[in-house]
Amino acid sequence: MFEMQWPYLLLLAPLPLVMKFIAPKKRVEAALRVPFYQHASQLEQHNRLSIGRRPAKLFALWAIWLSCLLAATNPQWVGEPMSMPSSGRDLLMAVDISGSMEQMDMALNGHRINRLMAVKKVIGDFVVRRNADRLGLILFGAQAYLQAPLTYDRQTVNELLQEAQIGFAGRETAIGDAIALAVKRLRDRPNASRVLIVLTDGANTAGALTPDKATELAQKANIKIYTIAFGAESMEVPGLFGSRTVNPSRDLDEPTMIAIAEKTGGKYFRARNLEELDQIHRELDKLEPIEIEAEKFRPVQTLFYWPLGLAFLLSVAIAALHWWQGRITGQLTNNAEVK
């Protein structure tokens with residue numbers, strides 16, 4: 001349907017007529033006699049032709065005025081109502097980008113990569129698949145911050161994840177602050193749709209809140225937390241007397257991650273490589289969506305540029321006509337002066 005945002009502006013349409021009666025009239029001065037009557041008569045004939053075009057000019061000016069008014073009302077074409085996704089969850093992902101995520105204990109296509117690159121690959125695919133959920137992204141290191149609020153725009157969430165770099169939020173790990181920030185963002189959402197996925201490779205070493213205190217807040221807000229502990233358990237490293245095997249995940253606090261998941265009704269996962277991490281996210285894909293109140297919107301297309309374009313074209317036409325008339329008048333005057 002067609003509608004105007006400010007239709008009352010059309011009440012200004014008679015304004016040019018009002019100004020005509022209000023504006024003072026011009027005084028007519030006496031004419032001068034000229035010795036070149038024949039050429040002056042040609043100018044008079046030309047002026048009569050111009051007067052003959054006056055109604056068309058007035059109509060064009062009136063059309064310009066009305067077109068500008070119509071554009072100022074902001075005309076719009078409002079389409080049929082469209083439904084937004086009527087099922088799904090509000091799902092926040094809290095991803096660790098602390099200094100330990102640069103550990104090169106992952107492999108992709110036979111090449112060593114760090115943990116953050118592996119996370120970007122798997123979670124990026126996970127984000128694309130969750131087409132019925134509102135997704136959000138929290139990045140945390142020594143501090144936690146909201147990188148992407150809850151949105152249906154999965155492409156933007158994925159792009160923001162891919163742009164994350166190790167150390168952006170500090171080198172330490174604030175798991176408790178990340179959970180608390182998620183609680184703040186999820187507590188006002190529908191009660192059964194609040195889901196948080198926490199992925200980390202270490203233990204809580206920074207932040208204002210401990211994981212236990214943050215978990216209590218999540219329990220009160222009825223937020224289900226799935227925790228993922230990420231990192232290999234063994235890795236060969238070169239040494240003075242040859243290679244040796246080390247545990248790159250020795251700082252991982254599994255008991256705390258298990259407790260967070262159990263207390264909030266979620267589940268704990270352990271990913272030692274890229275394949276296990278991908279399998280975990282495919283299991284998370286099986287979360288049953290819930291029915292929520294359908295959101296509807298009407299697509300709106302603005303149309304102000306059509307009347308504005310008409311006013312511009314009419315203005316150009318009038319300007320061109322004035323230029324042409326002035327040129328003819330100048331030629332007639334020059335001929336008269338020469339003769």
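In the predicted model, Y305 is partly exposed, with a relative accessible area of 38%, whereas W306 counts as exposed at 60% relative accessibility, a value that lies over the cut-off of 50%. These two residues belong, together with F304, to one aromatic cluster.

The structure holds three aromatic pairs in total. A pair of aromatic rings is described by the distance of the centres and the angle of the planes. For Y226 and F269, the ring centres lie 6.4 Å apart and the planes meet at 25°, so that this pair is stacked, the angle falling under the limit of 30 degrees that is set for stacking.

Helix packing was examined for α4 (residues 115-129) and α5 (residues 154-162), whose axes come within 9 Å and cross at roughly 170°. The two helices, α4 and α5, are therefore roughly antiparallel to each other, because angles over 145 degrees are counted in that class. On the side of α4, the contact is made by K120, I123, G124, V127 and V128, and on the side of α5 by R154, V157, N158, L161 and Q162. By residue class, the contact of α4 with α5 comprises five nonpolar, three polar and two charged residues.

Backbone geometry was also considered at two asparagine positions. N74, although not a glycine, has a positive phi of about 55°, and this residue is placed in the loop between α3 (54-72) and β2 (75-78). With a relative accessible area of 13%, N74 is buried, as the value is under 20%. A positive phi, near 60°, is likewise found for N222, a residue other than glycine, which is situated in the loop between α7 (211-220) and β10 (224-230). N222 is partly exposed, its relative accessible area being 41%.

Methods: Residues numbered from 1 in each chain as written. Predicted model: local features only at pLDDT ≥ 70, side-chain atom pairs only at ≥ 80, totals over all residues. Heavy atoms only, no water. Helix = DSSP H or I, 4+ residues; strand = E, 2+ residues; numbered from the N terminus. Buried < 20%, exposed > 50% of the residue type's maximum accessible area, 1.4 Å probe, protein only. Phe/Tyr/Trp six-rings, centres within 6.5 Å; stacked < 30°, edge-to-face > 60°. Axes fitted to C-alpha atoms, helices over the stretch in contact; angles between N-to-C directions. Parallel < 35°, antiparallel > 145°, perpendicular 65-115°, else oblique. Contact = heavy atoms within 4.5 Å. Nonpolar A, V, L, I, M, F, W, Y, C, P; charged D, E, K, R; others polar.
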